[in-house]
Every structure is written in structure tokens, then in C-alpha cells.
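Open the model in your viewer and keep the selection panel handy. We will go from stop to stop, and at each one you will hear what to select and what is there.

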Amino acid sequence: MDEDPTINVALVIERTGAEGPGERFALWVQGCPMRCKGCCNPEMLPFVERDRQRASALAERAIAQQQHGVEGVSLLGGEPFAHADGLSVFAERVRVAGLSVMIYTGYTLEALRERRDPAVDALLAATDLLVDGQYVREQHSTARRWIGSDNQRMHFLTGRYHQDDPRFYESNTVEFRMKNGQITINGWPVHGARTRLSTRGEK
Ligand code: SF4
């Protein structure tokens, strides 16, 4: 096994308050095997080469953000567990440095465990918070922060976070950024990120 695998990166936002509790380093991967109707990130579904980066280099970038108040990383996509080889190494490294790990996945936790894939197991073992299940447009909901449809669940896989944390009951957040003439929107209701001026396929 490659000790420092690459990750096919679709987007990185080094500091965001819209993708989980607190300030977070958010990493979107390129490629998802699912095709949920209403997926907000259709450009991140094909398994095409985008920006391959070493897990160690990405981890160093995330860890460096701790000095700016970042408390954890959020992994989105795309489908993070379709990139478990690289993301498990990344997640293990950032956790050793004290960052928490939150993942948004289209798989259920049970389906991930049934796969008995060492990389998937390693990524799960390094996860504090997991939002699981495909986005189902007919069950769309804004009732729970960071969750898009009623079928999706939030799992507290470690003691790092607790259900009574008041941040889980605050309003959802959307962020807009402009850089090099492009606008990036992330957070709810987008629950992902885009680099275009208009939005489409909203949840
Ligand atoms: S909503 Fe998530 S799981 Fe579903 S197609 Fe989009 S990226 Fe994949």
C-alpha cells in the first residue's frame, strides 16, 4: 500500500463555517458512483482527473489552518468513500494533529461496514461525524443542520461531538466567495461547492 497516496481533488476551501461544526478545512473529491436526482454537485460526479495531490501535502495544509481556528476537516464530493485509499491516510494524519473529521457520504454506515474493505474501514475509524445516505429529492428537508433529506442520518462515531452541542441546532449557513472572477458557493442549501456564477440542480 502506498504510504502517501494521491487524492483526486475537485475543490479545497481552507476555512469555512458552513460544512460542519466550527471552522473547517473542506475537501471535495472528484468522482461519485451514485446519481442522486437533484445532486448539487453534478460536475463532481465523473471519475475524471482533476487535481491530484498527495495526502500528506493536503494534511499539512489542513493542519496549518489550526492556527486560524480550524477545528476539523470535512470531506465531501463526489463520494469520499470512493476515494478511501487516499482519504484514510489524510484523515489519520489530521486527527493525530488534533483535527476532527466529518464526512458526507451517499452510502449508509451499514453498507460501508459490510464492504469489509480495509481502506473504507480505516477511513471510518478516523471519522468523528458521519452524515450518511443518498440525497432523496422527495424527502428534501431543511429541518436538520447540514442534512439534505429526511433519510440521511448523522452518526457520532467517537466522543468528539455530542448531540447536545448547540451548534447542531443553529441555522444553516451559506457562504459566497469571489476569486479570479469566479464565485464559489458552499453550505446549505448548496451543501457542496460550485465555481460558477449561476446555480443549478439545487436540492
Ligand atoms: S448527492 Fe452525493 S451521493 Fe448523491 S450523486 Fe451527488 S455526490 Fe453522489
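Start by selecting Tyr-104, which is buried because 28 other C-beta atoms lie within 10 Å (buried means 20 or more other C-beta atoms within 10 Å of a residue's own, exposed 12 or fewer, partly exposed in between, with C-beta atoms placed from the backbone). Before you go on, please note that this is a predicted model, in which local features need pLDDT of at least 70, side-chain atom pairs count only at pLDDT 80 or more, and totals for chains, interfaces and linings use all residues. Residues are numbered from 1 along each chain as its sequence is written.

Tyr-104 is part of strand E5, residues 100-104 (helices, H or I of at least four residues, and strands, E of at least two, are DSSP runs numbered from the N terminus). Then pick Gly-20, which is 84 residues from Tyr-104 in sequence but 9.8 Å away in space, C-alpha to C-alpha.

Next, select helix H1, residues 55-64, and colour its buried residues Ala-55, Leu-58, Ala-59 and Ala-62. Look down the axis of H1: these buried residues fall within an arc of 100°, so they line one face of the helix (the arc is that of the directions from the helix axis to the C-beta atoms). To see what covers them, show strands E1 (6-16), E2 (23-29), E3 (51-54) and E4 (70-76) and helix H2 (84-96), which are included in that cover.

Keep H1 and H2 on screen. Their axes come within 9 Å and cross at roughly 35° (axes are lines fitted to C-alpha atoms, for helices over the stretch in contact, with angles from 0 to 180 degrees between N-to-C directions). On the H1 side, the contact is made by Ala-55, Ser-56, Leu-58, Ala-59, Ala-62 and Ile-63, and on the H2 side by Gly-86, Val-89, Phe-90, Arg-93 and Val-94.

Now move to helix H4, residues 118-125, where Val-120, Leu-123 and Leu-124 are buried. They cover an arc of only 100° around the axis, which puts them on the same side of H4. Show H2 and helix H3 (109-115) to see what these buried residues pack against.

For the last stop, select the ligand. Of the 13 residues around the ligand, Cys-32, Cys-36, Cys-39, Gly-106 and Tyr-135 come nearest (a residue is near a molecule if its C-beta atom, placed from the backbone, lies within 6 Å of it).

Notes:
Contact = placed C-beta atoms within 7 Å.
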